[in-house]
Amino acid sequence: NSHDGRPVGDAATANCARTINESARAKRDLVSAKVIRTVELCKHTGCEGGSFRASHTIGDFPTMPHDIGNDALSQVIIPRGLSFEYFEHGNFGGWHRAFGNPNHDILLNMGGHNDAVSSFKVRQ
């Protein structure tokens, strides 16, 4: 130790390394907390032919995005913690279904509703 009580030599280096590691860990945690997971809509299975990511958007979509088109949705990738509700008609009319899970991602194949969706909502 120095005369003023601060560590010197190997002890000072260890304290500095610990501070840098803690700072890096805090920064990594902050960045991962800010990651915005997105719902991805696919025109065809495997997102062949076009896709749309509802990034930075939690909200209502009264019409389908241009990249997908009306009545052309085949698959949806729903990250854990988000929900996806889809509707038969524009402006949230007709039959509807909702999917989402707080703990697991979902790969939703549209099955009997393939190419039949005209509007949707994304919620947290």
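A: Strands are here DSSP runs of at least two residues in state E, numbered from the N terminus. In this predicted model, H104 is found in the loop that links β6 (93-100) to β7 (106-109). H104 counts as exposed because its relative accessibility is 51%, the cut-off for that class being over 50%. Its contacts, apart from neighbours within four places in sequence, are with I78, P79 and R80. For R80, which is 24 residues away from H104 along the chain, the separation between the two C-alpha atoms is 4.6 Å.

The strand β6, on one side of this loop, also belongs to an open sheet of four strands, ordered β3-β8-β5-β6 and paired in the antiparallel sense. β6 and β3 (59-61) are the edge strands; each has a single partner, so one side of each lacks a neighbour in the sheet. From one strand to the next, the twist averages 15 degrees.

As to confidence, the average pLDDT of the protein chain is 81, and 70% of the residues score at least 70. Residues 16-20 have pLDDT below 50, and this stretch makes zero contacts in the model beyond near neighbours in sequence. Residues 26-34 likewise stay under 50, with zero contacts beyond four places in sequence.

Technical notes
Residues numbered from 1 in each chain as written. Predicted model: local features only at pLDDT ≥ 70, side-chain atom pairs only at ≥ 80, totals over all residues. Heavy atoms only, no water. pLDDT = per-residue confidence, 0-100. Contact = heavy atoms within 4.5 Å. Buried < 20%, exposed > 50% of the residue type's maximum accessible area, 1.4 Å probe, protein only. Pairing = 2+ DSSP bridges. Axes fitted to C-alpha atoms, helices over the stretch in contact; angles between N-to-C directions.
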